[in-house]
Amino acid sequence: MRLGTLACFDWGRRALVWCSCYSLFGDMEIRGITKVDYDYIISVLDQWWGGPAGKRADPMFFYEFGDHALMAERDGQLIGFLFGVMVPAPSATGYVHLVGIHPDHRRRSVGKHLYEHFSERCRAAGMKRIKSIASAGHEGPVRFHQSMGFESNEVADYAGPGRSRVVFVKEL
């Protein structure tokens, strides 16, 4: 259900932009990935992220881990995705590798709904926690994960010497 047009603050661009506004409930479908979805994501990911990011969407997230990938769709248009994996015991951790939201649909709870669906799937599979990481210095992911109840810690050398990461963990 569309509600009209309004000005929204886009944190990525740090600017006010005009956006169509819609109800947060009822008109977004969360579903599993298809090959067509994966091919589309690869074709738009650099544009969505404003720079090189396509290599992060490794084909293993379709071919090997596709059961854990989620797509958000509104009015027949792919507006977001989440690539994750579930690591069984002893870790029992659902790991969110990559999330992308179409620039015109950011700050409208698409990421929140994707994370909630992934968390539900993880609980059903016996996972005990959800984990994700982000490059240090990126405040957007920190604010998002903290708003979802994740604890965050910056870990020096997490991704190798001189490559610290912020590690997000949420117990299920």
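The model is predicted. Its protein chain holds four helices and nine strands. Of its 172 residues, 40% count as buried.

**Overall layout**

- From the N terminus on, the elements follow the order β-β-β-α-α-β-β-β-α-β-α-β-β.
- Among contacts in the protein chain with a separation of 6 or more, 58% link residues 24 or more positions apart.

**The sheet**

- Seven strands make up an open sheet, ordered β3-β4-β5-β6-β7-β9-β8. Its pairing is mixed.
- β3 and β8 (151-155) are the edge strands, and each pairs on one side only.
- On average, neighbouring strands of this sheet are turned by 25° against each other, direction ignored.
- Strands of a sheet pair through backbone hydrogen bonds, either parallel or antiparallel.
- β8 and β9 run antiparallel, joined by five bridges.
- N153 sits opposite V167 in β9.

**Helices on the sheet**

- Helix α3 packs on the sheet and touches β3, β4, β5, β6 and β7. Its direction makes about 35° with that of β5.
- Helix α4 (residues 139-147) also packs on the sheet, where it touches β7, β8 and β9. The direction of α4 makes about 10° with that of β9.
- α3 has 15 residues. From first C-alpha to last, α3 reaches 21 Å, close to the 21 Å expected at 1.5 Å a residue.
- Buried residues in α3 are V110, G111, H113, L114, Y115, F118, S119 and C122.
- G126 follows α3 and has a positive phi, near 85°.

**Nonpolar cores**

- The largest nonpolar core has 22 residues. A72, V110, L114 and F118 touch the most other members.
- Elements giving two or more residues to this core are β3 (28-32), β4 (70-74), β5 (77-87), β6 (93-101), α3 (110-124), β7 and β9 (165-171).
- α3 supplies the largest share of this core, with five residues.
- Leaving aside neighbours within four places in sequence, F118 is in contact with H68, L70, L82, G84, V85, M86, G94, Y95, V96 and I130.
- Another core, of 16 residues, lies apart from the largest one. Its members include I33, Y38, A57 and V85.

**K131, in strand β7**

- K131 belongs to strand β7 (residues 129-135).
- Its relative accessibility is 25%, so K131 counts as partly exposed. The partly exposed class runs between the 20% limit for buried and the 50% limit for exposed.
- Not counting residues up to four places away in sequence, K131 touches T93, G94, Y95, V96, Y158, V167, F168 and V169.
- The side chain of K131 makes a polar contact of 3.0 Å with the side chain of Y158.
- K131 and E171 are 40 residues apart along the chain, and their C-alpha atoms are separated by 8.8 Å.

**D27, in a loop**

- D27 lies in the loop between β2 (15-22) and β3.
- D27 counts as buried because its relative accessibility is 18%, and buried means under 20%.
- The side chains of D27 and R74 are joined by a polar contact of 3.0 Å.

Methods. Residues numbered from 1 in each chain as written. Predicted model: local features only at pLDDT ≥ 70, side-chain atom pairs only at ≥ 80, totals over all residues. Heavy atoms only, no water. Buried < 20%, exposed > 50% of the residue type's maximum accessible area, 1.4 Å probe, protein only. Contact = heavy atoms within 4.5 Å. Polar contact = N/O pair within 3.5 Å; in protein donor to acceptor, adjacent residues only side chain to side chain. Core = buried A, V, L, I, M, F, W, Y, C linked by side-chain atoms within 4.5 Å. Expected span 1.5 Å × (residues − 1). Pairing = 2+ DSSP bridges. Axes fitted to C-alpha atoms, helices over the stretch in contact; angles between N-to-C directions.
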